[in-house]
2 protein chains.
Amino acid sequence: MPIIVVEVMPKAEILDPQGKAVAGALARLGAASSNAAQFSAVRIGKRFELTVDGAVDDAVLAEVREIAEDMLANTVIEDVVSITVAE
Amino acid sequence: MPIIVVEVMPKAEILDPQGKAVAGALARLGAASSNAAQFSAVRIGKRFELTVDGAVDDAVLAEVREIAEDMLANTVIEDVVSITVAE
């Protein structure tokens with residue numbers, strides 16, 4: 001059955017403390033191994049996999065777009081960054 | 001600056017109560033509008049955006065793969081499903 005992947009990220013202007021914590025941990029670990037890559041920021045969002053009964057057509061995609069904006073993302077603080085069909 | 005996107009999903013055999021709740025809500029809302037698409041399952045994972053200082057080469061990608069397996073995903077219950085470079 002086809003899977004529609006919806007990706008949601010916090011808006012750029014919103015502080016992401018969970019991401020900041022990971023970025024801090026990466027910097028601390030990176031300091032130990034001198035040739036490690038530097039990561040200036042980490043942001044953490046959500047990835048939804050919706051399994052669809054039946055075929056994916058434009059109507060289903062439009063409905064998923066609506067669901068994504070209304071239910072999956074809190075559009076006050078989050079953006080829907082992508083909606084793609086897998087499989 | 002280049003952004004590396006790491007996507008983590010709960011393993012297929014692990015129960016995802018958050019996803020089950022969303023699937024239940026979608027089914028309830030779908031019952032109201034008769035021509036709505038049916039979603040048989042919803043699973044919710046994480047999407048990390050790592051902003052890299054400098055260029056992305058094979059060494060950086062290898063390091064991100066290691067970080068993803070060791071730190072970003074809890075590999076007992078989660079899988080790293082994709083690592084891609086954006087921008």
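Biologist: Which side chain does that of B:Arg47 meet in a salt bridge?

Modeller: That of A:Glu7, with 3.1 Å from N to O. A salt bridge here is a Lys or Arg side-chain nitrogen within 4 Å of an Asp or Glu carboxyl oxygen, and chains B and A have 2 of them between them. This is a predicted model, where local features need pLDDT of at least 70 and side-chain atom pairs 80 or more, while totals for chains, interfaces and linings use all residues. Residues are numbered from 1 along each chain as written, chains are lettered from A and ligands numbered from 1 in written order, and side-chain values use heavy atoms, without hydrogens or water.

Now let's step back to the whole interface. In chain B, 32 residues are in contact (heavy atoms within 4.5 Å) with 32 residues of chain A. Our B:Arg47, with B:Phe39 and B:Met71, supplies 21% of what chain B buries against chain A, more than any other three residues.

Next, look at the strands (DSSP runs of E, at least two residues, numbered from the N terminus). Strand 2 of chain A, residues 39-52, runs antiparallel to strand 2 of chain B, joined by 13 bridges; strands pair when DSSP finds at least two. For example, A:Ile44 has B:Phe48 as its bridge partner. Within chain B, strand 2 also pairs with strand 1, antiparallel over 6 bridges, and there B:Ile4 is partnered by B:Leu50.

Methods:
Helices (H or I, at least four residues) and strands (E, at least two) are DSSP runs, numbered from the N terminus. Buried area is the accessible area (1.4 Å probe) that two parts lose on being put together, summed over both.
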